[in-house]
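Please walk through this model with an eye to two themes.

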Amino acid sequence: MIKKILIIILALMICTFGAYRIYANQNKEVKMTDKKILIAYYSYSGNTKAVAEKIQTVTGGDLFEIETKVKYPSNYDEVVNQAKTEKQNDVRPELINNGDVSNYDIIFVGTPVWWYTMASPVKTFLANNNFYDKIIVPFCTHGGGGASSTYTDMQKLAPNAKILNGYTSYEKTANLKDVENWIKGLNL
């Protein structure tokens with residue numbers, strides 16, 4: 001009888017421990033407690049902002065919205081034309097705040113893809129900060145053309161940073177699980 005009770009108790013302990021491990025793995029956040037993380041992003045339509053917020057949920061990093069002093073037009077066609085002109089002339093619009101990356105180890109940099117590269121405000125942000133010995137983790141949203149040269153262009157503007165594999169999503173298709181899996185795969 002005692003032997004049966006001990007076997008039952010042992011079986012219950014094993015089941016409880018197993019259930020706890022499953023629960024813990026399902027609810028585990030990707031926290032990089034030894035790294036200071038910034039999530040800087042420019043978002044025209046809200047798609048890039050949505051990805052930035054998912055990254056913040058996963059990492060616990062600080063959010064920084066890149067904002068221009070002069071707002072872009074609300075008319076889509078006007079924005080498309082302005083973005084094309086800015087790309088052709090390498091325009092870097094003035095920002096409300098250039099941000100400060102000096103206290104961060106890892107900087108997630110997010111942008112919509114405009115004319116096969118990052119939006120001009122992100123160029124300004126990258127050009128106006130010192131990324132020496134920093135890790136940049138790029139992410140972008142697009143309307144059909146993919147990341148194009150966005151990530152390689154970021155490397156050109158931040159040559160002293162280590163650029164990791166980016167996350168690319170079509171418009172509003174990013175989901176939290178995909179973002180979490182991408183971040184886990186970076187081995188930060």
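Which residue forms a salt bridge with K71? The partner is E67, and the closest N and O atoms are 3.9 Å apart. A salt bridge here means a side-chain nitrogen of Lys or Arg within 4 Å of a carboxyl oxygen of Asp or Glu.

Some ground rules apply. This is a predicted model, in which local features need pLDDT of at least 70 and side-chain atom pairs count only at pLDDT 80 or more, while totals for chains, interfaces and linings use all residues. Residues are numbered from 1 along each chain as its sequence is written, and side-chain values use heavy atoms, with hydrogens and water left out.

Back to the first pair. K71 counts as exposed because its relative accessibility is 52%. E67, at 32%, counts as partly exposed. The cut-offs are under 20% relative accessible area for buried, over 50% for exposed, and partly exposed in between (1.4 Å probe, protein chains only).

The structure holds eight salt bridges. Side chains of opposite charge can pair when their charged atoms come close. K156 and D153 meet in one, at 3.6 Å from N to O. Both lie in helix α5 (residues 150-157), three residues apart, about one turn of the helix. Helices (H or I, at least four residues) and strands (E, at least two) are DSSP runs, numbered from the N terminus. K156 is exposed at 65% relative accessibility, whereas D153 is buried at 17%.

Helix α6 (residues 176-185) holds K184 and E180, and because they are four residues apart there, about one helical turn separates them. Their side chains form a salt bridge at 3.7 Å, N to O. K184 is partly exposed, with a relative accessible area of 34%. E180 counts as buried at 14%. Elsewhere, salt bridges that share partners join D90, R92 and K123 into one network.

Now the packing. In soluble globular proteins, nonpolar side chains tend to be buried together. A nonpolar core is a set of buried Ala, Val, Leu, Ile, Met, Phe, Trp, Tyr and Cys residues joined through side-chain atoms within 4.5 Å. The largest one has 25 residues, and those with the most contacts inside it include I66, V109 and F131. At least two residues of this core come from each of β1 (37-41), α3 (76-88), β3 (106-114) and α4 (120-127). A second, separate core of 18 residues includes Y41, A52, F108 and F139.

Finally, look at F131. Leaving aside residues up to four places away in sequence, F131 touches V101, I107, F125, L126, I136, A158, N160 and A161. Contact means heavy atoms within 4.5 Å.
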